[in-house]
Amino acid sequence: MRKIMLLNGPNLNLLGKREPGIYGAGTLEMLEKSLEKRALEYGLGLECFQSNHEGELIDKLHSTMDAKISGVVFNPGAFTHYSYAIRDAVAGINCPVIEVHISNIHARESFRHTSVIAPVAAGQISGLGFKGYELAIDALREIIKERES
């Protein structure tokens, strides 16, 4: 079974509690369970990981090469806007990464408008809430199929 990784960065452990007007009332656990179900419908396994620490996210991205991960759905949180180390980790792995943001980062504060991750990601989905994660799994499924054919 092909496996994809769901990677969530800083403060996403507070989903459902932190600024629900921006991020919604759903929790990280709810998101992970929903996405596990969706991945299984496509015959994919899903590995979930969240960290508030840049180095742990980088290590997890690096681990995709040994773990035979076929793709990554990644919400880097605030690291999106300034972590060149995470950007380089995304560029250095051999599987596609879809960058996801719950809120529309382009309609928020100006410092959120720039993503250093987007240029090395296979795509970016922003502003669609939890639905954006589902769409990222859909996109990875198609990318994986194209790579295998």
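User: Which residues have the most contacts inside the largest nonpolar core?

Analyst: Start with the general idea. Nonpolar side chains tend to be buried together in soluble globular proteins. Now this case, a predicted model. The largest nonpolar core has 21 residues, and Ile4, Leu35, Val73 and Tyr133 have the most contacts inside it. Two or more residues each come from strand S1 (2-8), helix H2 (28-41), strand S2 (44-50), strand S4 (97-101) and helix H5 (131-148). H5 gives the largest share, five residues.

User: What is Tyr133 in contact with, beyond its neighbours within four places in sequence?

Analyst: Its partners are Leu6, Asn8, Leu12, Leu31, Leu35, Val73, Asn75, Val100 and Ile102. Apart from this core lies another, of 17 residues, with Ile58, Leu61, Ile93 and Ile117 among them.

User: What is the order of the strands in the sheet?

Analyst: Strands of a sheet pair through backbone hydrogen bonds, either parallel or antiparallel. Here the sheet is open, five strands in the order S2-S1-S3-S4-S5, with parallel pairing. S2 and strand S5 (123-126) are at the edges with a single partner strand each, so one side of each has no neighbour in the sheet. The twist averages 20° from one strand to the next.

User: How many bridges join S1 and S2?

Analyst: Seven, in the parallel sense. Ile4 has Leu46 in S2 as its bridge partner. H5 packs on the sheet too, touching S1, S3, S4 and S5.

User: At what angle do H3 and H4 cross?

Analyst: Roughly 5°, with the axes of helix H3 (residues 54-63) and helix H4 (residues 84-92) coming within 9 Å. H3 and H4 are therefore roughly parallel to each other. Their contact has seven nonpolar, one polar and one charged residues.

Definitions and conventions
Residues numbered from 1 in each chain as written. Predicted model: local features only at pLDDT ≥ 70, side-chain atom pairs only at ≥ 80, totals over all residues. Heavy atoms only, no water. Core = buried A, V, L, I, M, F, W, Y, C linked by side-chain atoms within 4.5 Å. Buried < 20%, exposed > 50% of the residue type's maximum accessible area, 1.4 Å probe, protein only. Helix = DSSP H or I, 4+ residues; strand = E, 2+ residues; numbered from the N terminus. Contact = heavy atoms within 4.5 Å. Axes fitted to C-alpha atoms, helices over the stretch in contact; angles between N-to-C directions. Parallel < 35°, antiparallel > 145°, perpendicular 65-115°, else oblique. Nonpolar A, V, L, I, M, F, W, Y, C, P; charged D, E, K, R; others polar. Pairing = 2+ DSSP bridges.
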